[in-house]
Amino acid sequence: MKGKCWRLFFSMLMMAGLLAACAGDDDEEYVYPSLLTEMAELHTDENGCGRMLLTDGGEMYAVNNVIEGLYPLVSYRVVCSYLPLLSDKGTYTSADIYRIKSVSMLLPDTLNIENESLKVVSVWTGGGYLNLCLELKTQNGRHYLTFREDSITETSSGKLLNLTLVHNRGENLQYYTETVYASLRPGNYWSLQPGDSIALNILTDDGFRIWKVAY
């Protein structure tokens, strides 16, 4: 696959501000406090500064150590380790972000590319997203991650959405393992409601497996 296609369809957000640790990284003697690690949305202001964190658990925090150099007025899907800060009123309304990593937002497959196997760590729902933790064999190159809709049916308990994850490693050599997070927001494509469910078909090294999760 040509590099132009990778840039057009691969949605991994590789921002320098999101790949770097936000506090204490250069100090080997630094002791981290007890942090919470969660998927979240990082919202930016008109100056491209990440100022608001909305976690999948429904908590919203003002970012105390503002992250700069992002696109203005957008929402980034991230995995972050953060520390809620206690205010003078005894509430947690702000947080320090210590580590943050971008999440690949999955888009529909429009190229009908070859599907190659990968390792699945976990599949779950949260924050209105279908979320995946994957392990990819790579050589610092780009992988292609997307999905295909197989069917959507009505059941006695609600809708059942059947999807297939599509992965292609391109020209990557399988030198080392990289942990990658990906998300799909079903509300952008289907009108799923609580009680509906998703069956995700994934090609693993042991063949196809299905992960079924409640929406």
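This is a guided tour of the structure, stop by stop.

**Before you start**

The model is predicted: local features need pLDDT of at least 70, side-chain atom pairs count only at pLDDT 80 or more, and totals for chains, interfaces and linings use all residues. Residues are numbered from 1 along each chain as its sequence is written, and side-chain values use heavy atoms, with hydrogens and water left out.

**Whole protein**

Show the cartoon. The protein has two helices and 14 strands. Both kinds of element are DSSP runs numbered from the N terminus: helices are H or I with at least four residues, strands are E with at least two. Buried residues make up 43% of the 215 residues. Buried means under 20% relative accessible area, exposed means over 50%, and partly exposed is in between (1.4 Å probe, protein chains only).

Switch to the surface. The protein exposes about 11,700 Å², with 49% of it supplied by carbon and sulfur atoms. Accessible areas come from the Shrake-Rupley method with a 1.4 Å probe; for residues, only the protein chains shown count as cover.

Now think about contacts, meaning heavy atoms within 4.5 Å. Among contacts between residues at least 6 apart in sequence, 65% join residues at least 24 apart.

**Stop 1**

Strand β1 (36-44) runs antiparallel to strand β4 (75-86), and eight bridges join them. Two strands pair if DSSP finds at least two bridges between them. L36 stands opposite Y82 in β4.

On to strand β5 (92-102). Nine bridges join β4 to β5, again antiparallel. The two strands form a hairpin with five residues between them. Pick G90 in that turn: its phi is positive, about 80°.

**Stop 2**

S81 counts as buried because its relative accessibility is 13%. Leaving aside neighbours within four places in sequence, S81 is in contact with L35, L36, T37, D96, I97, Y98 and R99.

Move along β4 to P84. P84 stands opposite A95 in β5. At 17% relative accessibility, P84 is buried too. Not counting residues up to four places away in sequence, P84 touches L36, Y61, Y92, S94 and A95. Draw a distance from P84 to I97: the C-alpha atoms are separated by 8.8 Å, with the residues 13 apart along the chain.

**Stop 3: the four-stranded sheet**

Select β6, β12, β9 and β8. They form an open sheet in that order, with mixed pairing. The edge strands are β6 (104-105) and β8 (119-126), each pairing on one side only. Strand β9 (129-138) pairs with β8 in the antiparallel sense over seven bridges. Look across from W124: N131 in β9 stands opposite.

**Stop 4: a nonpolar surface patch**

Which residues form the nonpolar patch on the surface? Select L173, Y175 and Y176, which together have about 320 Å² of accessible area. Patches are made of residues with over 30% relative accessible area and no salt bridge; like charges are joined within 9 Å, nonpolar side chains (Val, Leu, Ile, Met, Phe, Trp, Tyr) within 5 Å. Y176 lies in strand β12 (176-184). At 34% relative accessibility, Y176 is partly exposed.

**Stop 5: salt bridges**

How many salt bridges does a search of the whole structure find? There are six. The criterion is a side-chain nitrogen of Lys or Arg within 4 Å of a carboxyl oxygen of Asp or Glu.

Begin with R185 and E41, whose side chains meet at 3.1 Å, N to O. R185 lies in the loop between β12 and β13 (197-204) and E41 in strand β1, so the pair ties together parts 144 residues apart in sequence. R185 is partly exposed at 30% relative accessible area, while E41 is buried at 10%.

Next, show R77 and D56, which meet at 2.8 Å, N to O. This pair links R77 in β4 with D56 in the loop between β2 (50-55) and β3 (60-67), 21 residues apart. R77 is buried, with a relative accessible area of 2%.

Then take R169 and E116, at 3.6 Å, N to O. R169 is in the loop between β11 (158-168) and β12, and E116 in the loop between β7 (107-108) and β8, so the pair ties together parts 53 residues apart in sequence. R169 and E116 are buried.

**Stop 6: cysteines**

Select C49 and C133. C49 is buried at 10% relative accessibility, and C133 is buried at 7%. A search of the whole structure finds zero disulfides (pairs of cysteine sulfur atoms within 2.5 Å).
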